[in-house]
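I opened the model to look up helix packing, the division into domains and the surroundings of the ligand. My notes follow in the order in which I went through them.

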Amino acid sequence: MDFELSDEQRMVQRAVRDFCESELKPYAAEVDETGQLRWEAIRRMPDVGLTALQVPEEYGGAALDTISTAIAIEEIARACGSTALSLAAHNGLGCGPIVRWGTTAQKDAYLPKLVGGDTLGALALTEPGAGSDLAGGVQTSAVRDGDTWIVNGSKAWITNAGYAPVITTLTRTSREEGTRGFSMLLIEPGTPGVTIHAPEKKMGLKGSPTQMITFEDARVPHDAVLGVEGDGFKQTMQTLDSGRITIGALSIGLAQAAYEEAIKYATQRRAFGKRIADFEAIQWMIADAAMEIEAARTLVHKAAWLKDTGKDYTKLAAMAKLLASEIAEKVCRNAIQIHGAYGYSREFPVERIYRDERLMTIGEGTSEILRIVIFKRVLQEFEQTLPAMA
Ligand SMILES: Cc1cc2nc3c(=O)[nH]c(=O)nc-3n(C[C@H](O)[C@H](O)[C@H](O)COP(=O)(O)OP(=O)(O)OC[C@H]3O[C@@H](n4cnc5c(N)ncnc54)[C@H](O)[C@@H]3O)c2cc1C
């Protein structure tokens with residue numbers, strides 16, 4: 001693995017940063033206050049590849065490697081958390097599974113709509129009674145009836161549901177077959193029986209819509225299955241592995257933004273006749289933030305590199321997301337501390353960034369679940385070394 005970004009990766013970073021500095025960052029507070037994404041900016045995103053980060057070129061995509069994708073998501077998050085979550089979900093959860101497992105007909109039907117900048121993709125896994133335990137808890141069912149499926153149930157907390165031309169939905173297609181009893185269905189929101197509810201009122205990421213979806217005898221064609229019937233659970237796990245790299249990158253972008261604000265403030269604010277940056281306590285918080293951001297970014301890029309080189313990256317993706325989200329929590333907390341009372345005010349961005357950041361230890365695998373994933377892998381690796389040690 002190379003510790004220097006390649007020229008192409010640097011070009012991606014520069015282009016995305018320039019775009020975000022002018023199109024997103026100045027409007028981030030407004031997006032938060034109004035609870036509305038800035039569609040004017042999203043419609044321009046295809047010009048810099050942001051709506052099609054890992055979509056093949058034949059479908060108008062940027063076909064980027066995973067490190068470049070992480071860089072792009074980090075840059076969007078550095079500018080606007082709400083936009084970053086919606087774009088992360090769009091690229092990784094909305095486009096990703098269709099690119100990976102869709103038939104040519106499914107790709108032709110949905111990818112052009114998804115990459116055009118007028119819609120955002122969505123993936124519906126979570127239900128009111130099932131988040132971490134999808135295998136044990138998912139109740140949304142799809143029952144075969146002739147050449148259609150009849151779908152019943154509900155999905156909760158779905159990012160971009162109201163903007164998506166198609167919602168990739170995890171359903172139970174068989175009760176008997178354990179995790180082989182799940183399939184992903186590509187469900188169009190206009191299908192009779194599908195209701196997309198009003199956006200949830202959230203603590204942060206307010207511009208990124210999070211919605212409940214209900215299915216009441218919604219009929220979808222039999223060929224709406226993504227990939228192979230019975231592969232839904234496996235597809236979910238693989239999509240989440242990849243999504244964890246993205247959420248790690250998003251966490252770093254938020255931490256980086258808070259850290260930059262903290263340095264700026266610390267070098268301007270004065271107390272006891274000095275800049276507060278001249279106090280050791282403040283210097284230590286900034287030094288820790290610089291170190292932790294660097295460490296988490298390196299881990300995210302390593303997980304991305306493993307993915308791009310075709311190696312197993314489940315453990316590293318879980319580690320990267322866990323570390324990045326937990327350091328983001330600390331860096332954003334300390335950025336408020338450095339700002340004193342002003343950090344608690346909406347006049348300064350660190351208040352919003354802190355609220356936005358709070359999701360990162362919850363979505364796409366809570367910190368507790370990620371520790372379980374890491375422990376299982378570590379134990380497996382340990383057990384594999386036992387015969388050699390005996
Ligand atoms: C803003 C936002 C956007 C989202 N977007 C999407 C989306 O686009 N698509 C989608 O499908 N979902 C989405 N989600 C849902 C998200 O992925 C879930 O919230 C997450 O997976 C956790 O599930 P849960 O909330 O049901 O928590 P639960 O699973 O109920 O967990 C509650 C608590 O119990 C802990 N816990 C559970 N099991 C264990 C265990 N075995 N050991 C130790 N602790 C445990 C958890 O770590 C957590 O602390 C979104 C959520 C939010 C808030």
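Entry 1, α4 and α5. I started with helix α4 (residues 66-79), which packs with α5 at an angle of about 150°, the axes being 6 Å apart. The model is a predicted one. The cut-off for roughly antiparallel is an angle over 145 degrees. I therefore put α4 and α5 down as roughly antiparallel to each other. On the α4 side I listed Ile-73, Ile-76 and Ala-77 in the contact, and on the α5 side Gly-81, Thr-83, Ala-84, Leu-87 and Ala-88. By class, the contact of α4 with α5 has 6 nonpolar and 2 polar residues, and no charged ones.

I then followed α5 to helix α6 (residues 104-115); their axes come within 10 Å and cross at roughly 150°. I noted α5 and α6, therefore, as roughly antiparallel to each other. The crossing in which α5 passes α6 is left-handed. From α5, Gly-94, Cys-95 and Ile-98 take part, and they meet Gln-106, Lys-107, Tyr-110, Leu-111 and Leu-114 of α6. I sorted the contact of α5 with α6 into 5 nonpolar, 2 polar and 1 charged residues.

I looked up helix α8 (residues 232-266) and helix α9 (residues 280-308), and found an angle of about 160° and axes 9 Å apart. α8 passes α9 in a left-handed crossing. The α8 residues that meet α9 include Ser-242, Ile-245, Gly-248, Ala-249 and Ile-252, with Tyr-259 and Ala-266 also among them. On the α9 side I noted Ile-282, Ile-286, Ala-289, Arg-297 and Lys-307, among others. The contact of α8 with α9 divides into 17 nonpolar, 3 polar and 2 charged residues.

I found the protein divided into domain 1 (7-121), domain 2 (123-232) and domain 3 (234-382). The centres of domain 2 and domain 3, taken over C-alpha atoms, are separated by 30 Å. Domain 2 puts 13 residues into the contact, and domain 3 puts in 10 residues. I classed the side of domain 2 that touches domain 3 as 8 nonpolar, 4 polar and 1 charged residues.

Which residues come nearest to the ligand? Of the 21 residues around the ligand, I noted Leu-125, Gly-131, Ser-132, Thr-366 and Glu-368 as those that come nearest. The elements that give two or more residues to this shell are α5 (81-101), β1 (122-124), β3 (148-159) and α12 (367-389). β3 gives the most, with 3 residues. By class I counted 11 nonpolar, 7 polar and 3 charged residues in the shell around the ligand.

Key. Residues are numbered from 1 along each chain as its sequence is written. This is a predicted model: local features need pLDDT of at least 70, side-chain atom pairs count only at pLDDT 80 or more; totals for chains, interfaces and linings use all residues. A residue is near a molecule or strand if its C-beta atom, placed from the backbone, lies within 6 Å of it. Helices (H or I, at least four residues) and strands (E, at least two) are DSSP runs, numbered from the N terminus. Ala, Val, Leu, Ile, Met, Phe, Trp, Tyr, Cys and Pro count as nonpolar, Asp, Glu, Lys and Arg as charged, and the others, Gly among them, as polar. Domain bounds come from an automatic or database domain assignment. Two residues are in contact if their C-beta atoms, placed from the backbone, lie within 7 Å. Axes are lines fitted to C-alpha atoms, for helices over the stretch in contact, and angles run from 0 to 180 degrees between N-to-C directions. A crossing is left-handed if the near helix is turned anticlockwise from the far one by less than a right angle, and right-handed if clockwise. Angles under 35 degrees count as roughly parallel, over 145 as roughly antiparallel, 65 to 115 as roughly perpendicular and the rest as oblique.
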